[in-house]
Amino acid sequence: MTAPRVWTRVVIVPTLLLALAACAKNGERAQEAGAVAADAAVASPEGAFLAYEHDVQVQLEAAQIAPRIQRVAQACQNAKFGECAVLQVDQRSGEQPSGEVKVRIAPKGVESLIGLAGEGGKLQARNTRAEDLAQQVADTALTKARLEKEHARLLSYQDRGDLKIEDLMAITTRLSEIEAGVEQANKDAAQQRRRIDTQLVTMHFDTTSGQRSRSEIGEALSESGSILSTSVAFLIRAAAALLPVGVVALVMAWIVRALIRRRRRKP
């Protein structure tokens, strides 16, 4: 073996291997950075009160729709991508199967779940929107604080020994109303917090455009027989309805023709 060939194997080959390894690591880092960026894109900014909702349209082969709906629902139920709750599962079979899965999931799992929904298919459309709940959160907190303050003031009145029975009953009734209001404010605050901390994702599954076209042609062919039968039945009914009229018209025409001939024969 000559010296140049030995030098090539000893120096150039290891260099190429190191370069390939570096590219692979860079690719992995780029994918990780892309995933982090995607998660950050749908996360509510610090201190904001944004409730995100996502609508996704996914096109799949007809045979893949039912299994994919089950996979997405199970992934959510098993918290595969983080905290998740299935809100609705809708599946329709037939020549053009379709379905829908609606979930509420932690922000970090949104992109992964959408990726699972569209795996091997086509992400036809996606719409992301956010509702600002800052005013609602502030109003709920203000209402709760006002009610709690009034509740404490009435409790202090209730401890007085010079209260009349009527006043005591009125205070007791108002305390019950305030407690119900505080409970409702707590429920509203919890619901608002849930909408902010998790995101609503609705995934619609449909067949590809080619399959829909074939299904429409097959449906048209299958309906052609019933359309033909309906048309023939209509013609038969129309003929049956017009038959008496035609007979009467022929009789009248024969009578008129006979009268005309008789007048012509008279001198």
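The tour starts with the whole chain and then visits a few selections.

**Before you start**

This is a predicted model, in which local features need pLDDT of at least 70 and side-chain atom pairs count only at pLDDT 80 or more, while totals for chains, interfaces and linings use all residues. Residues are numbered from 1 along each chain as its sequence is written, and side-chain values use heavy atoms, with hydrogens and water left out.

**The whole chain**

Colour by secondary structure. The protein has 6 helices and 5 strands; here helices (H or I, at least four residues) and strands (E, at least two) are DSSP runs, numbered from the N terminus. Followed from the N terminus, the elements run α-β-α-β-β-α-β-α-α-β-α.

Of the 267 residues in the protein, 22% are buried; buried means under 20% relative accessible area, exposed over 50%, and partly exposed in between (1.4 Å probe, protein chains only). Contacts, meaning heavy atoms within 4.5 Å, also tell you about the fold. Among those with a separation of 6 or more, 77% join residues 24 or more positions apart.

**Stop 1: select Cys76 and Cys84**

The sulfur atoms of Cys76 and Cys84 are 1.9 Å apart and form a disulfide, the term for a pair of cysteine sulfur atoms within 2.5 Å. By this rule the count is 1 disulfide. The link of Cys76 and Cys84 is left-handed, with -100° about the S-S bond. Are these two cysteines, Cys76 and Cys84, buried or exposed? Both Cys76 and Cys84 are buried.

**Stop 2: select Ala79**

Ala79 sits in the loop between H2 and strand E2 (84-92). Check the backbone here: Ala79 has a positive phi of about 55°, although it is not a glycine. With a relative accessible area of 41%, Ala79 is partly exposed.

**Stop 3: select residues 62-77 and 110-117**

These are helix H2 (residues 62-77) and helix H3 (residues 110-117), whose axes come within 9 Å and cross at roughly 160°. Axes are lines fitted to C-alpha atoms, for helices over the stretch in contact, and angles run from 0 to 180 degrees between N-to-C directions. The angle makes H2 roughly antiparallel to H3; under 35 degrees counts as roughly parallel, over 145 as roughly antiparallel, 65 to 115 as roughly perpendicular and the rest as oblique.

Now show the side chains in the contact. H2 supplies Arg68, Arg71, Val72 and Ala75, and H3 supplies Leu113, Leu116 and Ala117. By class, the contact of H2 with H3 has 5 nonpolar, no polar and 2 charged residues. Ala, Val, Leu, Ile, Met, Phe, Trp, Tyr, Cys and Pro count as nonpolar, Asp, Glu, Lys and Arg as charged, and the others, Gly among them, as polar.

**Stop 4: select residues 134-158 and 165-197**

The axes of helix H4 (residues 134-158) and H5 come within 9 Å and cross at roughly 155°. That makes H4 roughly antiparallel to H5. The residues of the contact of H4 with H5 divide into 13 nonpolar, 8 polar and 6 charged.

**Stop 5: select Ala185**

Ala185 lies in helix H5 (residues 165-197) and counts as buried, at 5% relative accessibility. Which residues is Ala185 in contact with, leaving aside its neighbours within four places in sequence? They are Thr140 and Lys144. To finish, draw a distance from Ala185 to Leu147: their C-alpha atoms are separated by 9.4 Å, and the two residues are 38 residues apart along the chain.
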